[in-house]
Amino acid sequence: MPQARKNPSSQNKTSAEMRVLLGIFSLYWRLDDALAKQEITSGLGRVECNLLLQLDTPRRMGELAKRMILVPSSVTMAADRLEQDGLVLRVRDAEDRRAFLLQLTAKGNSLRAALEKRAERAFREICGLNDDDIQQFALLSDKLQNKFLGCANRCPGKEK
């Protein structure tokens, strides 16, 4: 059976927005698959791993829920699991003694660093972008994340 030939002009018929969307979906699923196959997470699920990566600095549970686009109870369950495994601690927020921050323990920092290195390596291998392209992509990603987090702060509950 003859193989279908790729039409180089067919990409031009697809809008830029749709090409970006399809590219993001492809990248996400390839990265998700690659990270799921790596054995550094000690049986942690996707939410727990994402939560670890979000803890580059201690953060409030509500902020984490907004950043991860999850309901607070999902973040609480993931935090409970990480706390049980000795990876995070809940500490009082010095600015608001009623609130708690989630922060990494030494063990959590170590696991986060290993996970970050593996994720960075997987990203580079999968995307095939050069350093300049990655820097440009990072700037665009920062812009998107700031927009999403800004909306979450202005419109609680609308970020889902």
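Helices (H or I, at least four residues) and strands (E, at least two) are DSSP runs, numbered from the N terminus. The model is predicted, so local features need pLDDT of at least 70 and side-chain atom pairs pLDDT 80 or more, while totals for chains, interfaces and linings use all residues. Residues are numbered from 1 along each chain as its sequence is written, and side-chain values use heavy atoms, without hydrogens and water.

**Exercise 1.** Determine what span α6 should have, and which residue follows this helix.

*Solution.* The expected span is 1.5 Å times one less than the number of residues. The 22 residues of α6 should therefore span 32 Å, and the end C-alpha atoms, 31 Å apart, agree with this. Gly128 follows α6, with a positive phi near 70 degrees.

**Exercise 2.** Identify the buried residues of α6 and where they lie around the axis.

*Solution.* Buried means under 20% relative accessible area, exposed over 50%, and partly exposed in between (1.4 Å probe, protein chains only). In α6 the buried residues are Gly108, Leu111, Arg112, Leu115, Ala119, Ala122 and Phe123. Because they cover an arc of only 105 degrees (taken from the directions from the helix axis to the C-beta atoms), they lie on the same side of α6. The face turned away from that buried side carries exposed Ala106, Lys117 and Glu125.

**Exercise 3.** Describe how β3 pairs with β1 and β2.

*Solution.* Two strands pair if DSSP finds at least two bridges between them. Strand β1 (residues 59-60) is joined to β3 by 2 bridges, antiparallel; here Arg60 has Leu101 as its partner. Strand β2 (residues 88-93) pairs with β3 over 6 bridges, also antiparallel, and Arg90 stands opposite Leu102. A hairpin with 2 residues between the strands is formed by β2 and β3.
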